Amino acid sequence: MNPSQPSRSDVVEVRDLVVRYGAATALDSVSLRVAPGEMVALVGPNGAGKSTLVNTLTGILTPAFGSVEVRARIAQVPEGRQMFGDLTVDDNLRLGAWQLRGRGQSRRKQRDTSWVYELLPDLVRVRDRKAGGLSGGQQQMVAVGRALMSRPEVLVIDELSLGLAPLVVADLAEHLAELNREQGTAVVLIEQNARLALDLCSRAYVLEAGRIAAEGDSADLAASPDIARAYLGEAQGLPSPPGAHDPGPDDPGPDDPDPDDRATADLAPTVGTAETARGNQDTTVQAARAAAREAK
Amino acid sequence: MSDFLVYLITGLGTGCGIALIGSGLVLIHRVTRVVNFAQGTFAVVGALTAISFLDTGLPHGLAELLGVAVAAVVGLLFGMVAIGRRGTSPQAALMVTLGLGILAYAVEVMLWGDQGRSSEGLSGAVTVFGARIQTHYLLIIGVTVAVFAAVAALFGRTDAGKALSACSSNPYAARVLGISVTRMGLIAFTVGGALGGLAGVLLAPMNSVSFDSDVTLIINGFAAAVVGSMHHIGRTLAGALFLGVAEAMVAGYGSATYQTVVALGLVLALMIGQAARTHSVVAEAG
């Protein structure tokens, strides 16, 4: 089966979607599809409309024209992690199952968080801590776990790596790949870090100024000189950063690229604004590459 | 000694009334981030409605229950006006509640006149350590303890309570998870209205209630809620009891003229002390 052909079995099918904020057109004639169990990346610069697309998929925004068909349960990991800061990690997770109330299964089974802890074992230790006091990486794990609590067949992640240290991102990416492999959950990954997104996902869409500028297999896109210049930031031939298939060193060790960079990147989401978090991202990408080179 | 005990129990009774007002403020603020200045109005509406029903010959209990129910409906209506429109900021909603409270004056004067009215409370008295204590005060204390236990359990133990808290903690995330923030806010206003009404019907036998009684109630209730940082149920109760007892002591041993002033001064001192001790107050306010 050709993966780029639409099919009735697709879990998400978006056709000629137009979304406007007042007079401004945020999305212009965007079409996109996601097959069951597929990992799809959505890359593009700031303001290209990535988050608008996500919020339309999950029903927070309504389209002006075009159709959005979501044929499976969908859950969103919102940009900036969006913790309930004064609730515990466990409470945050349980609220993820809120929309399942009154459906089929017993409430007790819906509220059961143990399987999420099995999937994200780092959270066990902090389950009774207030989510607001966690590190950026831990919060991102809570955000993923919280989305998983609604047992989605499609998981939409808005900016996985934003403001996070490269090793933390690598760890999260590995968890996502595992989730996709073992539970068959389809993943739509929105990323500014195109290298990471193309490494992790099999297909990708490039969104520019509200339109799909390119789409296809990740490998093809990564090989295209235009894409490489615009989004990967460097000429081809460099080793890729640690992704799902190359999780990077477990122990940072003494010859870790730059521990100070990691520390600032990890602190950014809790103390800084989105601006600082974005500013840190370049550092994150560079450090990720450095880590990959060291590992080889 | 028996004087002291009488003042203490009287103060605790008054404090419980303040606490019920404060609990409604905290509940609504915890869900919507709105400081509801119409909370005193709910009490006035509840009390005056109950008194009217008693006048028509309805028995005690039923009349008070109807008063609380009407206050809950008024709470819902106020909530619909204050936060029903999506995107209304908590500050704008605060002004709306203030305006609605003043509008309510007109309606209350039209319905019940401008004279203070009172109801008969629970009759009888018990003697404790030689002090005669009105049974009604014990009723207020009992009801308040039950209400606070219920509210604390709601927020502390139930998923519904966590979802209510989530709405103010992060409204966007709540929407992403499928929690209807507006509906939760309206639930909070309805329950807040009922709590206000409950305070009103319990306080009516102690002080006569008129259309503008809400001012005293809201000042005291707000002070108690601020002691609890508009968030903590237990500390709100403590603040309210302290206020009530302090007022009763000032009135008993000094002059009733100064009871509110002195009590509020003490609360102010308490809050300044609290702020100096912890830096987290700033974080909570933000």
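Which residue is the bridge partner of Arg203(A) in β9(A)? In this predicted model, features described locally require pLDDT of at least 70 and side-chain atom pairs pLDDT 80 or more, whereas totals for chains, interfaces and linings use all residues. Residues are numbered from 1 along each chain as its sequence is written, and chains are lettered from A and ligands numbered from 1 in the order in which they are written.

Chain A contains 11 helices and 9 strands, taken as DSSP runs numbered from the N terminus (helices H or I, at least four residues; strands E, at least two). Of the 296 residues in chain A, 49% are buried, that is, 20 or more other C-beta atoms lie within 10 Å of their own, with C-beta atoms placed from the backbone. Contacts are defined by C-beta atoms, placed from the backbone, within 7 Å. Among the contacts in chain A with a separation of 6 or more, 73% join residues 24 or more positions apart.

Six strands of chain A form an open sheet with mixed pairing, in the order β5-β6-β7-β3-β8-β9; two strands pair if DSSP finds at least two bridges between them. Its edge strands, each pairing on one side only, are β5 (74-77) and β9 (211-217) of chain A. From one strand to the next the twist averages 15°. Strand β8 (residues 203-208) of chain A is antiparallel to β9(A), with 6 bridges; in β9(A), Asp217(A) is the bridge partner of Arg203(A). Helix α1 (residues 50-57) of chain A lies across β3, β5, β6, β7 and β8 of chain A, at about 150° to β6(A). Axes are lines fitted to C-alpha atoms, for helices over the stretch in contact, and angles run from 0 to 180 degrees between N-to-C directions.

The contact between the chains takes 17 residues from chain A and 14 residues from chain B. On the side of chain A that touches chain B, helix α2 (residues 89-95) of chain A gives the most, with 3 residues.

In chain B, helices α3 (residues 62-83) and α8 (residues 181-203) pack at about 145°, with their axes 7 Å apart. The largest nonpolar core has 170 residues, a core being a set of buried Ala, Val, Leu, Ile, Met, Phe, Trp, Tyr and Cys residues joined through C-beta atoms within 7 Å. Helix α8(B) gives the most to this core, with 14 residues. Ala47(B) is among the residues that touch the most other members. Leaving aside residues up to four places away in sequence, Ala47(B) touches Gly67(B), Gly200(B), Val201(B), Leu203(B), Ala204(B) and Val209(B).

Note on methods
Buried ≥ 20, exposed ≤ 12 C-beta atoms within 10 Å, placed from the backbone. Contact = placed C-beta atoms within 7 Å.
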